[in-house]
Amino acid sequence: EKIVSITAIGKLGKLRLHRGNAKTNDLLVTTGPHGLSRLGLALLRSELINMEIIIPTSLKSLAIAKHQRPEPPIAALRALENCKPIDLPWRAAGIDSSDGLIEAIQSICETSKCKAILNRSNLPISNQWPENNKLDEFCLYGGEDYELIVSLPEEWAKAWIKSMPSLKIIGYIQEGLPKIFWDNGEEINEINNLNFKHF
């Protein structure tokens, strides 16, 4: 029998990201594309063989690499700390999207007691991502992307994106019940059979 013990040592710092810190009129920003890890898994399992989906070779390679060797967005987190406008408090809500994009946003909404509005035309997808509903579900529910989802004041969000143009505004926060909607008013529901599960 083997026992593994892991100890993480670090410092809290000024930026205390917490899921309960989202406020009305915050912008929702993500540090990178979603769905790549789930696409990589699907490719490795040959799940897409019977589907008429043409995936560029470069996207296949990227997706498999993202699934096998995920990298945390440490540079984006440092940029977030360094670009805060001086007149704003250290308040931002955040979570990683290891359990899926929708799951992460739902967690922010429930903890902050607010609702989120997502821009349907601004999904955080990779370049060369084919137009396909199944692949869009990978983006929304796939999991294991390990990107950050951050809710923060508009001025700070725009400063962050100016410092790192690869970031993307995907929606905003409103007062209301903890639910997620597209910008056309349609509610986004969880799809239980697609949501990432640890076990």
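How much space lies in the largest cavity?

## The enclosed cavity

About 70 Å³ of space lies in the largest cavity. The structure described here is a predicted model, in which local features need pLDDT of at least 70 and side-chain atom pairs count only at pLDDT 80 or more, while totals for chains, interfaces and linings use all residues. Residues are numbered from 1 along each chain as its sequence is written, and side-chain values use heavy atoms, with hydrogens and water left out.

The structure holds one cavity of 30 Å³ or more. On a 1 Å grid over the protein atoms alone, a cavity is a set of points where a 1.4 Å probe fits but cannot get out, a pocket is an open set with protein on both sides within 12 Å along at least five of seven lines, and lining residues have an atom within 4 Å of a point. A volume is the space filled by probe spheres set on the points, which are joined across faces, edges and corners. The largest cavity is lined by Pro33, Leu36, Ser37, Lys66, Pro70, Glu71, Glu144, Asp145 and Glu147. By class, this lining has three nonpolar, one polar and five charged residues. Ala, Val, Leu, Ile, Met, Phe, Trp, Tyr, Cys and Pro count as nonpolar, Asp, Glu, Lys and Arg as charged, and the others, Gly among them, as polar.

## The largest pocket

The largest pocket holds about 300 Å³ of space. Its lining consists of 13 residues, and Leu12, Gly13, Leu15, Leu77 and Glu81 lie nearest the centre. Seven of the lining residues are nonpolar, three are polar and three are charged.

Two elements, α3 (74–82) and β2 (93–96), each supply at least two residues of this lining. The largest share, three residues, comes from α3. Helices (H or I, at least four residues) and strands (E, at least two) are DSSP runs, numbered from the N terminus.

## The sheet

Six strands form an open sheet with mixed pairing, in the order β2-β4-β1-β5-β3-β6. The edges are taken by β2 and β6 (180–182), each with a single partner strand, so one side of each is left without a neighbour in the sheet. From one strand to the next, the twist averages 25°; axes are lines fitted to C-alpha atoms, for helices over the stretch in contact, and angles run from 0 to 180 degrees between N-to-C directions. Two strands pair if DSSP finds at least two bridges between them.

Gly94 has Val150 of β4 as its bridge partner. Strand β1 (residues 27–30) pairs with β5 (residues 168–174) in the antiparallel sense over four bridges, and Leu27 stands opposite Tyr172 of β5. Strand β3 (residues 115–118) also runs antiparallel to β5, to which four bridges join it; here Lys115 stands opposite Gln174. The pairing of β3 with β6 is parallel and spans three bridges, with Trp182 of β6 as the bridge partner of Leu118.

## The aromatic pair

The structure holds one aromatic pair. The ring centres of Trp90 and Trp156 are 6.0 Å apart and the ring planes stand at 85°, so the pair is edge-to-face. Trp90 lies in the loop between α3 and β2 and Trp156 in helix α6 (residues 154–163), so the pair ties together parts that are 66 residues apart in sequence. Rings of Phe, Tyr and Trp (its six-membered ring) pair if their centres lie within 6.5 Å; planes under 30 degrees apart count as stacked, over 60 as edge-to-face and the rest as tilted.

Trp156 is buried, with a relative accessible area of 0%, whereas Trp90 is partly exposed at 33%. Buried means under 20% relative accessible area, exposed over 50%, and partly exposed in between (1.4 Å probe, protein chains only).

## Individual residues

Asn25, in the segment before β1, has a phi near 80°, a positive value in a residue other than glycine. Asn25 counts as exposed, at 57% relative accessibility. Tyr146 has a positive phi near 60° and is placed in the loop between α5 (133–141) and β4. At 30% relative accessibility, Tyr146 counts as partly exposed.

Glu186 belongs to the segment after β6 and is partly exposed, with 43% relative accessibility. The C-alpha atoms of Glu186 and Ile117 are separated by 9.6 Å, although the two residues are 69 residues apart along the chain.
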